[in-house]
Amino acid sequence: MGARNAGKAEEAILDIKREVPSAEIVFLEMDLASFASIKHAAESFLSTSDRLDILINNAGVFASPPGLTEDGYEIQFGTNYMGSALLTRLLLPILTKTARTSGADVRVVNISSEIYRNAPKAGLLLNQVKTPLTKISTVARYGHSKLANIYFAKSFAQRFTNIKSVALHPGLVQTNIGGGMTANRILSFIFRLFTSVASVDVSTGALNQLWASVADPAEVKSGAYYIPFFKEVKRTGIESDMEKAEELWQWTEKEFKEHGF
């Protein structure tokens, strides 16, 4: 279980073990807003594990105040997209090794959001992601990062055909995801109010990603984007623009190379 806060991680592990006493869970310290932290976490995992069947990229920040990650990217794009993309890249050797074993069914599940629709109409602002992007709203910045998650899943699926790669929206779930909305108190209040009446509980909110992770392989399509519950989205909007997806992949590769990866 990757997490940046040891205390919260241990609390979550204890909660799970109360429900499933036999669960074997190891805390892996990792801050997705830090390339150095991600590298250390990946190295730690690779040194202690000999296979990886399912990687769920399900962590990040939502509607946070303007800022930059440790490595100089807009905080939401840098955490939600760049962090997950780098972790996946660094774990690629063990993912591909596992995929070559008999009967393997390796999957990378990327948690996106329907809020990708709030991304700028122009799509990804790659020439501006090394700024706080203050010219667009905090929700638009979140949608910007979630659009990138969808593109990554599609591009990864095209390149690594022996690993199933999907993106999905878990739904509006009763978590503290809105806790970072300190930049706009009115928006924060509206979000909390909406969540209180329109959201699902955590158990229900986990269903879409659990299904994508372990359902019959014939039911889960690599490169697809799913909404609750288990429904493939077949839109022809910006999320389906493979030229933009390829542009993001190439740009990301260049950025990682500049950082020594």
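Predicted model: local features only at pLDDT ≥ 70, side-chain atom pairs only at ≥ 80, totals over all residues.
Me: What percentage of the 261 residues count as buried?

Reply: Buried needs a cut-off: under 20% relative accessible area. By that test, 47% of the 261 residues of the protein chain are buried.

Me: How many helices and strands does the protein chain have?

Reply: Nine helices and seven strands. The radius of gyration is 18 Å, close to the 18 Å that the globule rule gives for 261 residues, so the chain is as compact as a globular protein of that length. Along the principal axes, the C-alpha atoms fill a box of roughly 50 × 45 × 35 Å.

Me: Of the contacts between residues at least 6 apart in sequence, what percentage join residues at least 24 apart?

Reply: The figure is 74%.

Me: Now the sheet. In what order do the five strands stand?

Reply: The order is β3-β4-β5-β6-β7. The sheet is open and its pairing is mixed. β3 (54-57) and β7 (231-232) are at the edges. Each has a single partner strand, so one side of each lacks a neighbour in the sheet.

Me: How do β3 and β4 run, and how many bridges join them?

Reply: They run parallel, joined by four bridges. Strand β4 covers residues 107-111. Take two of the pairs. Ile56 has Val109 in β4 as its bridge partner. Asn57 has Asn110.

Me: In which sense do β4 and β5 pair?

Reply: Parallel, over five bridges. Arg107 stands opposite Lys164 in β5.

Me: Which helix packs on the sheet, and which strands does it touch?

Reply: Helix α5, residues 138-159. It touches β4, β5 (164-168) and β6 (225-227). The direction of α5 makes about 160° with that of β5.

Me: Which residues of β4 lie on one side, and which on the other?

Reply: Arg107, Val109 and Ile111 lie on one side. Val108 and Asn110 lie on the other. Both faces are covered, with these residues all buried.

Me: On to single residues. Is Ser34 buried or exposed?

Reply: Compare its value with the 20% cut-off. Ser34 has a relative accessible area of 5%, so Ser34 is buried. Ser34 sits in the loop between β2 (28-29) and α2 (35-48).

Me: What does the side chain of Ser34 reach?

Reply: The backbone nitrogen of Ser37, at 3.1 Å. Setting aside residues up to four places away in sequence, Ser34 also touches Glu70 and Asp71.

Me: Where is Glu114 found?

Reply: In the loop between β4 and α5. Here is a check on its distance from another residue. Glu114 and Leu28 are 86 residues apart in sequence, and their C-alpha atoms are 29 Å apart in space.

Me: Which residues is Glu114 in contact with, leaving aside its neighbours within four places in sequence?

Reply: His169, Tyr225, Ile227 and Arg235. Next, look for polar contacts among the side chains. The side chain of Glu114 meets that of Tyr225 in a polar contact of 2.7 Å. With the side chain of Arg235, Glu114 makes a polar contact of 2.7 Å through its own side chain.

Key. Residues numbered from 1 in each chain as written. Heavy atoms only, no water. Pairing = 2+ DSSP bridges. Helix = DSSP H or I, 4+ residues; strand = E, 2+ residues; numbered from the N terminus. Contact = heavy atoms within 4.5 Å. Axes fitted to C-alpha atoms, helices over the stretch in contact; angles between N-to-C directions. Buried < 20%, exposed > 50% of the residue type's maximum accessible area, 1.4 Å probe, protein only. Polar contact = N/O pair within 3.5 Å; in protein donor to acceptor, adjacent residues only side chain to side chain. Rg over C-alpha atoms; globule rule 2.2 N^0.38 Å.
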